[in-house]
Amino acid sequence: MAYRKLVLGLSGCLFVLVCVLFLQADVMSMISSSGKDSGRADLIMIQAIAKQTTKQAPAVQFLHDAHTEVLAEQGKDCAACHIKDDSGTISYKYMRLEDPAANRLKDLYHDNCTACHAENAKARMANPGPQIGECRKCHVEPAPHTQAWVSGGMDNMLHYIHWDSDLIAKDEGKDTNCGQCHHEYDEDKQELVYIQFAEEGCRSCHTADPQEPVKANLSEAFHGQCVTCHLENKEAQAERNGPLDCASCHGGPQRLEMQAKFAEKLEEMDGVLPRLPRNQPDAVLLAAKLPELPEDATRPTLMYPVPFNHELHEQATDACRDCHHETLKSSCTDCHTLQGSEQGGYITLERAMHAPDSKSSCVGCHNEMKQDPSCAGCHAAMPQGTEPPASSCALCHVNPDILAQRPDGHQTTDYADYTEMLIPAQTDGRQPAGEPVIVPEDKEGRAALAQRLIDLRPKEALLIAEEDIPDVVKIDVLADEYQPAELPHRKIVMSMMEKMKDDSLATSFHATPVTMCQGCHHNSPLSKTPPSCQSCHDQRSQEGRLGRPGLLAAYHIQCMSCHAEMGLEKPAATDCTSCHKQKEN
Amino acid sequence: MKRRSFLGLMGAAGAGLAAPAVVPATARAAAKDFRGYHTTPGVLFDGTRCIGCRKCELACNKVNSLPEPEVPFDNLEILTTRRRTDSATFTVVNKFETPSGPVYRKNQCNHCLEPACASSCFVSAFQKKPDSAVDYDDTVCVGCRYCMIACPFEIPTYEYHKAFTPRVMKCTLCGPQMRSGELRLPGCVQECPMEAMIYGPRNELLNLARRRFAAFPGRYVEQIYGEHEMGGTSWLYISGTPFSQVGLREDLGTKSAPELTAGALAAVPVVVGVWPVLLGGIYAINKRKEKIAAQEQQQAVSAALAKAKAEAKENLDASLAKAEESANRRVDNEVKKAVKEALAKKEEELKAAEASATDEEEGK
Ligand code: SF4
Ligand code: SF4
């Protein structure tokens, strides 16, 4: 008797379980089968009731773009759901400028959503949207959609498209239109004003949690500014109005598509974007700001200042904020001091410039460039410790006195004590014979010095005379199974030189005619006639040594990993006879 | 049964411990203590170097005089099929497709520091040698193939095709050839054109691996497989792809086999008796070794299942007993309560009776 009850009970449970599983499976398959729901950029969780202490219903998953589309079909636009403030800026919030109390907010959503849906029903729309009483059509759990969006930042090209646009009105009396977006708060006038050449990035004031007098946080500022303008353009029936949906800016695939288009456009422009009209410097002399020192204190030892090609780096980065982070108004050394400061997140100047794994440091960014297949063949094989190689310091930290040595260098006679804080980057006594060059204190003077030093950099890749490069190198020390391999040595060198021809990073950093050779002839001093591979990798087998490859492996590792890194499909690493001809017996 | 008493029993039975004679005393002292192995040789396999040329397979075949393979060594198509070692192939290279292109990994006996095969073998056919090789002695092997079940890496295989003198076959780390002076390095290591394998003292290999991690940040999963797995192995792996994606089990934990198997053996002693019979039966029916392998796996699974079942039953019994106990307690309590209530009632009745008696008396 007791057993029967138990069996009945158990099978009941099992039945319920099976039902639940089936239902679940059904729901799951529904989600995954509609590709759109694999992650939506336009999904907004309406958690208006977040202010309430108790949750009354599951949050609503609102699909913004689905609504925008339908409204467009009905001839309506953003104004159907969003109101404008006194200045005509459209509110980021639904049907309101400010948030009322929680229960009022709830009513606001309920009344306005359902009112529109009811109208739709009256107009006999096929899918009018949930009506009053159909609570669970909006308040669904588990949530049927997932959110996936990317940050919709402005890169250089998008920025250019805006300031180049005729649709955006020009600033008063100027032929630029920057003032239409960039503004500053004037304390005295208590209003937003535009100051030319002092434009800031939006993020500098509109943070996630803005401080008075800034009102709008970042997303409110962006959406208010961008959407209002795009909408106005649309109303004016301009030929292009900019996106009014979410996915165009925040959709992953859409963003990629846009970037591809931009790349095409850049190519049409010969790869050069016009420079931003902000009066930014062409060249900057980067030197540490000296801390306040007591009279009798010894100065800290510093490196020579670094002439920085600002103009060139504008082209090489995606946006100013890649280097300038939050604000354009201070230079690197304002926040990144020698000892580190709170403003600079306690990242010292040395780290800010040299951290090898940070995208915003010089070395880190240059390291990233080395991943380009043209460079990776050599660079991927080079051990990279946590520090850049010491030998490369002098490439950036140039002794300005080379100007005195060069025939085209301008001799200065205005000397000061400033050089005391500079340590010689070269310790081999190759100090200039003449008087040291003064590092000017004023901005213009420093920029001019930086420019002169930059101008001394090689304009094209350096290389020894072609006939000095061995043509074909026969590798026969390993030939027992196969015929000797013939390494087209000169051809390899020349094709690599060809690849780095137009790369200013490469031409500046491959500073001598034999630097290139180091890609293969590593660990040996720079020389036109570097020691042969055998001098270090002398044994065929690894016997008796640990880690340093024997000759056979050294050749194979070097050639094959270079080919792999450069993306050369042929010859396949396992196709022995493409390099070593089969031996005829 | 406790591990100590199990081992003691085995010792008493004349079977001897797993590898007592040759292993340094410090290593023997406790399964957890591997200090004695640090300078013994090992092989470091660097997965970022292997190009999948199968030269190591060829070399292994040559130095061990193994039969010609079905698929010749210059056929690289075979790499895409997932292969395991067998009685005529001590090492195989498998190809794994990853988002960043194909990755190859060589597979052979890992020459565990505390080998599961050895600890499971009650005739001591397996011995860990001071040169790191886990050696197999076919003259004492009784063919129970316990080692095959015990090895977490599925390495030892059996010569099913040999009716009279079948042996357990696996990579020997070229121990015999190197001891006799015929080879200076294991055959595969010697032949690899990429030096994807390096032979040397295990501690130095660990250092070398770490140096590579430091010199090439981002290239490696910064972990050395075999450093701790199963209590450590003489064969070590570094890789650019997560180990589980190149067919290395990451669920093995860091306990050595003797620590683990001793408990397992103690828990299912019946298997020791039944196993040879069982396998004999299987051998008779199935000549094809793949089939057997599959079956063996199933056997292992069902053995594990049986063990789990037994455990579950035990648990069930225990909880039933507990339930019964608590039910009994409840009944007891109920009874006590009932008795108490009954007594109280009785008392009240008595009192009432007495009262009425007095009343009556008073009324009188
Ligand atoms: S890998 Fe397997 S066969 Fe090799 S030593 Fe370890 S347990 Fe024994
Ligand atoms: S010989 Fe070396 S490179 Fe070739 S498959 Fe074996 S381990 Fe890989």
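## Reading a predicted two-chain model

Modeller: Let's begin with an open sheet in chain B: its three strands follow the order S8-S1-S9, and the pairing is mixed. Keep in mind that this is a predicted model.

Biologist: Happy to start there. Which are the edge strands of the sheet?

Modeller: An edge strand pairs on one side only, and here that describes strand S8 (197-201) and strand S9 (235-238) of chain B. On average, neighbouring strands in this sheet are turned by 25 degrees against each other, direction ignored.

Biologist: How many bridges join S1 to S8 in chain B, and do the strands run parallel or antiparallel?

Modeller: The general idea comes before the case. Strands of a sheet pair through backbone hydrogen bonds, and the pairing can be parallel or antiparallel. In this model, strand S1 (residues 41-46) of chain B is joined to S8(B) by five bridges, and the two run antiparallel. To find one on screen, pick B:Pro41, whose bridge partner in S8(B) is B:Pro201.

Biologist: Which helix lies across S1, S8 and S9 of chain B?

Modeller: That is helix H8 (residues 202-215) of chain B, running at about 130 degrees to S8(B).

Biologist: Now helix against helix. At what angle do the axes of H5 and H8 of chain A cross?

Modeller: Helix H5 (residues 156-163) and helix H8 (residues 252-268) of chain A have axes that come within 10 Å and cross at roughly 70 degrees. Angles of 65 to 115 degrees count as roughly perpendicular, so H5(A) and H8(A) are roughly perpendicular to each other. Their crossing is left-handed.

Biologist: Which residues make the contact?

Modeller: H5(A) brings A:Met157, A:Leu158 and A:Ile161, while H8(A) brings A:Met258, A:Phe262, A:Lys265 and A:Leu266. Sorted by class, this contact has six nonpolar residues, no polar ones and one charged.

Biologist: Last topic: backbone angles. Which peptide bonds are cis?

Modeller: As background, most peptide bonds are trans, and most residues other than glycine have a negative phi. Here, the bond from A:Glu212 to A:Pro213 is cis, with omega near 0 degrees, and A:Pro213 sits in the loop between strand S4 (191-193) and helix H6 (218-235) of chain A. The bond from A:Lys570 to A:Pro571 is cis as well, with omega near -5 degrees; A:Pro571 belongs to the segment after helix H20 (551-565) of chain A.

Biologist: What about phi of A:Asp270?

Modeller: A:Asp270 has a positive phi, near 60 degrees. Look for A:Asp270 in the loop between H8 and strand S5 (283-286) of chain A.

Terms used. Residues are numbered from 1 along each chain as its sequence is written. Chains are lettered from A and ligands numbered from 1 in the order in which they are written. This is a predicted model: local features need pLDDT of at least 70, side-chain atom pairs count only at pLDDT 80 or more; totals for chains, interfaces and linings use all residues. Side-chain values use heavy atoms; hydrogens and water are left out. Axes are lines fitted to C-alpha atoms, for helices over the stretch in contact, and angles run from 0 to 180 degrees between N-to-C directions. Helices (H or I, at least four residues) and strands (E, at least two) are DSSP runs, numbered from the N terminus. Angles under 35 degrees count as roughly parallel, over 145 as roughly antiparallel, 65 to 115 as roughly perpendicular and the rest as oblique. A crossing is left-handed if the near helix is turned anticlockwise from the far one by less than a right angle, and right-handed if clockwise. Contact means heavy atoms within 4.5 Å. Ala, Val, Leu, Ile, Met, Phe, Trp, Tyr, Cys and Pro count as nonpolar, Asp, Glu, Lys and Arg as charged, and the others, Gly among them, as polar. Two strands pair if DSSP finds at least two bridges between them.
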